[in-house]
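Please have the model open while reading.

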Amino acid sequence: QVQLVESGGGLVQAGGSLILSCAASGGTFSSYVVGWFRQAPGKDRELVAALNWSDLTTYTANFLEGRVALSRNSAKNTVYLQMHSLKPEDTAVYFCGANLFPGVTTATVIDPNEYAYWGQGTQVTVSS
C-alpha cells in the first residue's frame, strides 16, 4: 500500500511561485495516476493537475491552465507540482492523491472520490 507525503507549501506573495512535492513510500507510482487537489475552507476538494505515470498524460484544471506544470522523478518516486503567478484565490490545502485506475478517463481523474490514497496535505497561502 503506497503512502504519500506532500511538502513544499508555505506563504508566498501574489505573483510568486512554489513547487510542491508528493513522495511515495511503501511502493512506487508505477501504473498509478497521481493527482494534485486543493481544498479551500468551505469548498469542495478540486483537481489542480494529475499525471498518469504509465504514459505521462497530464490533466490540468482549465482555470489553472498555463500556471501549473507537473514533473516526476522516477528514482525518487516523486511528483512535483510547479505553480507560478500565484493568486490569493489559490490559497488552500493542497493534497496529493493516487490510485490505480482500471480505466483512465478524464471523469475519473478529476473526481477525488476515485482516489484511494491521500497524503496529509500541505498549506499554501498566497498574500495580496
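Glu46 counts as partly exposed because its relative accessibility is 31%. (Buried means under 20% relative accessible area, exposed over 50%, partly exposed in between, with a 1.4 Å probe and protein chains only.) The model is predicted: local features need pLDDT of at least 70, side-chain atom pairs count only at pLDDT 80 or more, and totals for chains, interfaces and linings use all residues. Residues are numbered from 1 along each chain as its sequence is written, and side-chain values use heavy atoms, with hydrogens and water left out.

**Salt bridges**

How many salt bridges does a search of the whole structure find? It finds three. A salt bridge here is a side-chain nitrogen of Lys or Arg within 4 Å of a carboxyl oxygen of Asp or Glu.

| Salt bridge | N to O distance |
|---|---|
| Arg38 and Glu46 | 2.8 Å |
| Arg38 and Asp90 | 2.8 Å |
| Arg67 and Asp90 | 2.8 Å |

Shared partners join Arg38, Glu46, Arg67 and Asp90 into one network. Arg38 has 7% relative accessibility, so it counts as buried. Asp90, at 2%, therefore counts as buried. Arg67 is buried too.

The Arg38 and Asp90 side chains meet in a salt bridge. This pair links distant parts of the chain: Arg38 sits in strand E4, Asp90 in the loop between E8 and E9, 52 residues apart. Strands (E, at least two residues) and helices (H or I, at least four) are DSSP runs, numbered from the N terminus.

Arg67 also bridges to Asp90. Arg67 lies in the loop between strand E6 (58–60) and E7, and Asp90 in the loop between E8 and E9, so the pair ties together parts 23 residues apart in sequence.

**Disulfide**

The structure holds one disulfide, a pair of cysteine sulfur atoms within 2.5 Å. Cys22 and Cys96 form it, with their sulfur atoms 1.8 Å apart. The pair links distant parts of the chain: Cys22 is in strand E3 and Cys96 in strand E9 (residues 92–99), 74 residues apart. The link of Cys22 and Cys96 is left-handed, with -65° about the S-S bond. Cys22 has 0% relative accessibility and so counts as buried. Cys96, at 0%, counts as buried as well.

**Positive phi**

Ser31 is not a glycine, yet has a positive phi of about 75°. Ser31 lies in the loop between strand E3 (18–25) and strand E4 (33–39). At 42% relative accessibility, Ser31 counts as partly exposed.

Asn77 has a positive phi near 50°, again in a residue other than glycine. The loop between strand E7 (68–73) and strand E8 (78–83) holds Asn77. At 16% relative accessibility, Asn77 counts as buried.
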